[in-house]
Amino acid sequence: MTQQLTIEQLQTVLSQTLSPDAQTRKTAEGHLTAAQKFPGHPLSVLQLMASANGNAGAAVGLTVLQSAAVHFKNIVKKGWDAENEDGTDGITITDHDRNLIKSHLVELMCTAPPQIQAQCSEAISLIAAVDFPKKWDNLLPELIQKFNSPDPNIVNGVLATANSIFKRFRYINRSEELYADILYVLERIQAPLLTLFKTTGQAVDAYTTANDKQKLVPLFQSLRYMCRIFYSLNWQDLPEYFEDHMQEWMTEFSKYLSYKNPLLEDPDEEIEPSPIDRLQAAIVDNLFLYADKDEEPFIPFLPNFTTLVWNLLLGVTTHSKHDILATTCIKFLSSLVGKPMHKSLFQDESTLKQIITNIVIPNLKIREADEERFEDDPQEFIMGDMEGSDSESRRKRSGDLLKAMCRQFEAQTTSICSEHIAAMLVEFSINPSDNWIAKDAAIHLMLGISIRAESNQGVSSINDKVNIMEFFSANILTELQDLNHSIRPMVKAAAIKYASTFRNQFTKEHIAALMPLLISHLNSPNVVVHTYSASAVEKFLVCKEDDGTGAGRKRIKFNGQDLKPFLEPLFTGLFAVVDNTDWNENEYVMKCVMRTLNSAREEIINITHVVLQKLTAALFHVAKNPRNPQYNHYLFECIAILVKSVCAKSPEHTGTFEQLLFPPFQDVLQLDVAEFTPYVFQILAQLLEYKSDGSGLGESYGALLPPLLSPGVWERKGNIPALTRLLQAYVKQGSAEIVSGGKLIGMLGIFQKLVASKASETSSFDLLKAITQYIPAESIQAMFKEIFRILLMRLQQGKTTRYVRLMTGYLAQFIGQFGSETLFSIFNEMQPNLHIMILGQVWIPRLATDPPVRMEAKTQVIAMTKILCETPSLLNDSVGQQIWLEALKAVTKILSSEESHWGTTSDEVDQDAEISYDPTFSRLHFASRPPLDPFSGIQNPAKTFVTSLGQARASNAAVVQSLMQQGQQSDPKTFTTLDHLMSKF
């Protein structure tokens, strides 16, 4: 179907997308993708969604209508922002359709069934992110009008939508535009929001008295949404209206922090928070916001709220349903305790003892729910417990509270906790098999008071009132030395975490002694224990120390040579976990494999074949059902390290890797595993780049090229950067075969397809640059005029900053290769004096507003040098002379910029580089290469510029000297810099 779908056809296609038959689904999804490119399609989908409110909706079916709502939301997400640098996937939404959609969407959201309402709400938020408030000034009044609806579902729908829209005011740097938008919102919503909060509170009072649970539940949801809106509106600064009405807001907040109602609490529920819990957590978040900002008008309310939050904490159960409330309350207390201005609230030793005894220790201790999670859901346990995780847990927040207490009351807190630690260890020693929870709590209490400062690189400052190494020797080492994996696994995990946390404090000799112990725990049948062990090894391998030169440089503390004696047992332990298909893919274990391979480097050459077999076996397994993107990413990084370690030194081994990798890679491509194809293309590119110069493509790569040039493979956006990299490698390695095989036209067709979209324009220039650099000039010369016509047409359609940067970067490379006269001749064939217009209106202004850096800076200097010194026709008239002078200023500024470090690119990869999966395009760190230098023969572009300018001055002395004098008068700073440059060479 290459036409716009009627409502009936749309209904049929949407129902087919729900078919159990994969081919039917795929065909229907293709029809939707094609249809969404027709103007009017989004409106048709909206009309279908609107039928949910009548008899027609029942005939269509709710699942199809819900599918329509999801499809509509996705169209809006991709196509509404016409200026999106990632493009719109060809979706066109006319101004007429946009206005109609905006005029009906809020009403549809309010009247649609809940499943469709949620998608409408999200669509409104997506449109608002682009249009609100400037292009959708009636949105907020329309939402606020619905505050008066007697239907709580409508009220909650508009509140949820407003909450989603206003979230953009959080976690963003201040700007005039942001503040103008916030002011616009505040002027319209601040009073109605407070009124609604109070009237909802009155309704809560009435229905509490009437014991009407059905009415109370949506009211508490409304209150929570309003608290989240409050949070967004107050995130940047305390608005004047909120300051003036603080008493009213705080009165309402305090009312709910002490609110109790058995109707809304399920005593048998252990996991899901109650409506009251959710509201109280949102209120405490608001209190934290004010307390953290030290808002002066809030200070009088602090003592009361501190008591209320304290009481809440004392009242929470150990069940998971209270985790969010407990962590939020602890965060609020931590904010207060850690600030000198609130010192008086906590300075009594009895208060500190109560905090530690009644709040910290109970929330630090292992609960039954934690034990169950440790055994049955290890991934969830790890997310909440491991160092560096974003997930919050009671234990983490309790540790933060201890650190805050130590900032203000280090001596008292250390003393109190030390007593508890000693008592816990005695309790453990009396009956280790039953009292192991006491030792686990002691370890975490020690962690809480020991750390003054830490980052992702480990602990950088410790409390000098505790002896972490003595504690390690007495209490941690014994656990690590106990190789009975069935005894106290949770304590073993805590002991491994302790060692990993203080990795910066261990010497190389300590690490060497620890390594066999950590490796032995890779054999633990407990997922958390062997995961923590793998993570600890990985962190030790990136741990750094001062290099001893006194220059402040760092080096890896435990390097490849230090690791060498442990490689065999380490790989055995790691791959025992990887090979065990009963366990889920373990990203921490695969990350440790990756880091071990990178640390060992040359030492792995002899075992490459064995390791590669293990990795390809893992690849075969996960390709059937890719579930863990981080694991998959590290798996391919491991393969990339093997290729790099071997082929960088011995290019002749690329053939062996081809034999080993092509079979599993072909399986991935044939199975069309979308998550893996970008990785496969990157490693294929890496292998091809390592082939010996002059060796050609070879049979395998030659056979793969035709499918790579088919348009279908380029439809999936995630493939484009990797495919482009692979074609660049093809052009570099097999330019002669590409030309003789008639494949150049196909490659240029790919370039034309890519440059037409904002989403792929960067890749289009990467490919074009490679073609220009490596294809013989005589084979492509006749095509340059058409290439530039395409580029200039695209420039006319959208002169964005990025496109101008890309195009002028390519023009610079072209001039560097073929000279300025060649380019200007092509331009002037297309339009007289076009080169003057491009230089004066596009290229040189770009160099001033968007200065080039690194390799592009070098290329621009070389190109500008040729324009200034090899284009005498530019000096023939005043317009050309002015452009010549501006070009001279531009190249001088590039050469004097601190950002122009073209000589610093290197193939060296930091051993401690942070590597992870990226959902847009996961670039393989260890398969990467430095930017290609099309002018590697020019070592010092500054010297070339100075020499060439000297020759130009000699051959056009009068004109050039006059222009330079003019420049000295108009821009003395730049020309003083130029004089300094000239004097250096």
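Trainee: Where is Pro133 found?
Mentor: Helices here (H or I, at least four residues) and strands (E, at least two) are DSSP runs, numbered from the N terminus. This is a predicted model, in which local features need pLDDT of at least 70, side-chain atom pairs count only at pLDDT 80 or more, and totals for chains, interfaces and linings use all residues. Residues are numbered from 1 along each chain as its sequence is written, and side-chain values use heavy atoms, with hydrogens and water left out. With that numbering, Pro133 is found in the loop between helix H7 (114-131) and helix H8 (139-145).

Trainee: What kind of peptide bond joins Phe132 and Pro133?
Mentor: Most peptide bonds are trans, and most residues other than glycine have a negative phi. Between Phe132 and Pro133, omega is about 0 degrees, and the bond is cis.

Trainee: Which residues is Ser121 in contact with, leaving aside its neighbours within four places in sequence?
Mentor: Contact means heavy atoms within 4.5 Å. Leu709, 588 residues from Ser121 in sequence, is 41 Å away in space, C-alpha to C-alpha. With sequence neighbours within four places left aside, the contacts of Ser121 are Met109, Gly157, Ala160 and Thr161.

Trainee: What is the phi of Arg488, and where does this residue lie?
Mentor: Arg488 lies in the loop between helix H23 (468-481) and helix H24 (489-501). Its relative accessible area is 17%, so Arg488 is buried. Although Arg488 is not a glycine, its phi is positive, at about 50 degrees.

Trainee: How does Arg601 count by relative accessibility?
Mentor: Arg601 is found in the loop between helix H29 (587-600) and helix H30 (608-623). Its phi is positive too, near 45 degrees, in a residue other than glycine. The relative accessibility of Arg601 is 26%, so this residue counts as partly exposed.

Trainee: Is Leu671 buried or exposed?
Mentor: Leu671 lies in helix H32 (residues 654-671). Pro273, 398 residues away in sequence, is 43 Å from Leu671 in space, C-alpha to C-alpha. The relative accessible area of Leu671 is 58%, so this residue is exposed.

Trainee: Which residues does Phe818 touch, not counting residues up to four places away in sequence?
Mentor: Phe818 lies in helix H40 (residues 801-818), and its 24% relative accessibility makes it partly exposed. Its C-alpha atom is separated by 9.9 Å from that of Ala863, 45 residues apart along the chain. Not counting residues up to four places away in sequence, Phe818 touches Thr772, Ala777 and Phe784.

Trainee: How far apart in space are Glu427 and Tyr774?
Mentor: Glu427 is found in helix H21 (residues 394-430). At 35% relative accessibility, Glu427 is partly exposed. Glu427 and Tyr774 are 347 residues apart in sequence, and their C-alpha to C-alpha distance is 74 Å.

Trainee: Which residues have the most contacts inside the largest nonpolar core?
Mentor: A nonpolar core is a set of buried Ala, Val, Leu, Ile, Met, Phe, Trp, Tyr and Cys residues joined through side-chain atoms within 4.5 Å. Among the contacts of Phe332, beyond its neighbours within four places in sequence, are Val284, Leu287 and Phe288. The largest core has 320 residues, and those with the most contacts inside it are Phe166, Met250, Phe332, Tyr730, Leu791 and Trp843.

Trainee: What is the radius of gyration of the protein?
Mentor: The radius is taken over C-alpha atoms, and the globule rule is 2.2 Å times the number of residues to the power 0.38. The protein has 47 helices and 4 strands. The rule gives 30 Å for 985 residues, and the protein's value is close to that, so it is as compact as a globular protein of that length, with a radius of gyration of 33 Å.

Terms used: Buried means under 20% relative accessible area, exposed over 50%, partly exposed in between (1.4 Å probe, protein chains only).
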